[in-house]
Amino acid sequence: MNIVYASNENYARHMAVSMVSLFISNKKVLELQIYVFSMGIARESKKGLDEMAARYGRTIRWVELGDIRKRFDFDVDTRGFDISAMGRLFVGRLLPENVQRVLYLDCDTVIVRSLESLWNRELEGKILGAVMEPTIYEPVKQEIGFGREDAYVNSGVLLIDLKQWRDTGTEEKLLDFYRQRGGSLFACDQDTINGALKGQICFLSPRYNFFTNYRYFSYKELVRYSRAYRDVGKKEFLEARQRPVIIHYAGDERPWIAGNRNHYRRAYEMALAMTPWAGTKKEKGRELYMLAYHLMNYVTVVCPFIRRIISRSFGMKAVEARGSRREDKICKKEERIQVLLASFQGASYIREQLDSILGQTVPDIQILVSDDGSTDGTREILKRYEEQYPGRVVCQHRTEAGAYGNREGRIPAPAMNFFWLMSQADGDYVLLSDQDDVWDLKKVEKLLEKMREIEKDGLPALVFSDMEVTDSRLEKISSSFFTYSRCKPRRLSLAELLVENPVTGGALMMNRPLVELASRIPQACFMHDWWIALCASCFGRIVCVPEPLSRYRQHGGNSLGARKAGSLKDLRERQSRKMQVEDNYHRIFWQAQAFWKMFGKKLQPRERKILKAFLALPGRTPAGRFLGILKYGFYKSSWFYTLAQCFTMPR
């Protein structure tokens, strides 16, 4: 039995859950080979998965996809879906020639019974077998040339006759179909498989790919959505609902999201406890949405007509949103770039910053703004810009959304506002912006150029620049923030970043993988940019552009601001703010502890050792701290501050 998964680092945990459930439910299967199409899965995650498989007497063969976009000879727009899912289109060339039959599984599946009956299923001369998805939106079917009565399948579970796949040139047919539709479809690979292989798909029982939200649909209701579903049969559907073989968490009610009430969540939770990710906390921030979604499930049982209305309304919005994203890309023929601007009481300066971003040499940058309740006219200014630049300036205030509430003491309000914006961003490249800076008009162009140089294999990447320090009137104080603050931008190892951060939020650019990695809210962080730098250093690449690309305005309202480090004034102020220094140390160690809790199991052994040693420093004597600093390299930008840690660090 040959099983195939495709995943990136973000879905490695869910893939582990699916794998361990596969191993447990198929202990009697003598030959079970796992292939994983990897798109930048971290070494530590691979090691954990290999060790997990070995405990069950199984092995994993890793197939690194690299930059999958290079496998297409045309532009590809997945409309928000992760491109790693497209790996299944290349299954014929990626697997050994002697592999002639495979079962592809999505990472968000759990196997609760033996797969032998599925593996031995005859495909009736068809290229692959899949399960019907009758509730797919009608416009999606129309886009691939399907009529209302045509059966549409879900690609989360595919039983593939790989010999026939290769012999009939299926890969070429899939790519041709996708190319003819401009390299952009609502459900990318799934739409392509349906459209290109129409008439060549064997329909499998729903028990082999049971969507968890279908528990609340009646058989009659599903037939109302698609009359082709009558071929399934009511008895077979009811059996699938009661005794599924493969559970697919395909709806929004995912078991890894806090507040979910998924009827089948225990299957996921039990399997998670047997993976290297055991104990991982559920993702918070959508509890109210989970409650509303679950209530809608019961509405489906009582009054399915209301569910149809809601589904069509929101479904069409999703289709249109992804369609408009496609049109944007077709028009621009460029990556989608977003600037996230968090504002509060910024009326005095925010116009200049907005103008400097809108005037960038890279065209059509979108500015996503969240204001934290300003009362000085900032909101009115933002509203005018939103009206003047529709689609380019978009306000999504966290205070109005009622999400990402303040955690003062653990996460500063500005940082929480940026975490909110990161959760809303969908750009290929994302920059952060303070409300009071002014950017060089070529800033985005230069950071993007460096970003393209360092991006590799879909890994997280961060680029940041120097800044010119100015006063409130933009009069120069120093031509270099790095020089002014005695900051050394090459100090980017984990040990160095744990004690000091050279990356300023308003000077950085992230790629999509880093946004997805760093946007999860930690239990604590000193500031959002420090947290982002730690993520990039441990799991990807981080590079500095030494050129000042913005003017960093200093005034009485800065959240942190630049300080001339090492000056007599700075040393005197440091003595006078002893309590603040102690508080800063507490926040630094809270951040390190939060990083350990979120990523400790995914770190390399050396990095894990460094982080544990750092967390142990407060409990040591000054002499012990000094030895620890020397051994692990917890150096600050000057020897004075490095030695000061031994005495000023609170126990």
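This is a predicted model: local features need pLDDT of at least 70, side-chain atom pairs count only at pLDDT 80 or more; totals for chains, interfaces and linings use all residues.

Colleague: What makes E16 and E19 paired strands?

Modeller: Two strands pair if DSSP finds at least two bridges between them. Strand E16 (residues 461-470) has nine bridges to strand E19 (residues 541-553), and the two run parallel; nine meets the cut-off of at least two, so they count as paired. The names come from DSSP runs, numbered from the N terminus: helices are H or I with at least four residues, strands E with at least two.

Colleague: Which other strands pair with E16, and in what sense?

Modeller: E18 pairs with E16 in the antiparallel sense over three bridges, with Val463 partnered by Met509 of E18. Two bridges join E16 to strand E17 (residues 476-478), also antiparallel, and there Thr470 stands opposite Lys476. E16 and E17 form a hairpin with five residues between them, and Leu474 in the turn has a positive phi of about 70°.

Colleague: Why is E16 called largely enclosed?

Modeller: Buried means under 20% relative accessible area, with exposed over 50% and partly exposed in between (1.4 Å probe, protein chains only). Ten of the ten residues of E16 are buried, so the rest of the structure largely encloses this strand.

Colleague: How do you know which way the side chains of E18 point?

Modeller: In a regular strand the side chains alternate between the two faces of the sheet. From strand E18 (residues 508-511), Leu508 and Met510 point one way, Met509 and Asn511 the other, and all are buried. Strand E14 (residues 429-433) is joined to E18 by three bridges and runs antiparallel to E18; Leu431 is partnered there by Met509.

Colleague: Now the helices: why is H22 called oblique to H24?

Modeller: Helix H22 (residues 528-539) and helix H24 (residues 578-599) have axes that come within 11 Å and cross at roughly 45°. Axes are lines fitted to C-alpha atoms, for helices over the stretch in contact, and angles run from 0 to 180 degrees between N-to-C directions. Under 35 degrees is roughly parallel, over 145 roughly antiparallel, 65 to 115 roughly perpendicular and the rest oblique. Roughly 45° belongs to the rest, so H22 is oblique to H24.

Colleague: Which residues make the contact, and what are their classes?

Modeller: Contact means heavy atoms within 4.5 Å. H22 contributes Trp530, Trp531, Leu534, Cys535, Cys538 and Phe539, and H24 contributes Ile588, Gln591, Ala594, Phe595, Met598 and Phe599. Ala, Val, Leu, Ile, Met, Phe, Trp, Tyr, Cys and Pro count as nonpolar, Asp, Glu, Lys and Arg as charged, and the others, Gly among them, as polar. By that scheme the contact has eleven nonpolar, one polar and no charged residues.

Conventions:
Residues are numbered from 1 along each chain as its sequence is written. Side-chain values use heavy atoms; hydrogens and water are left out.
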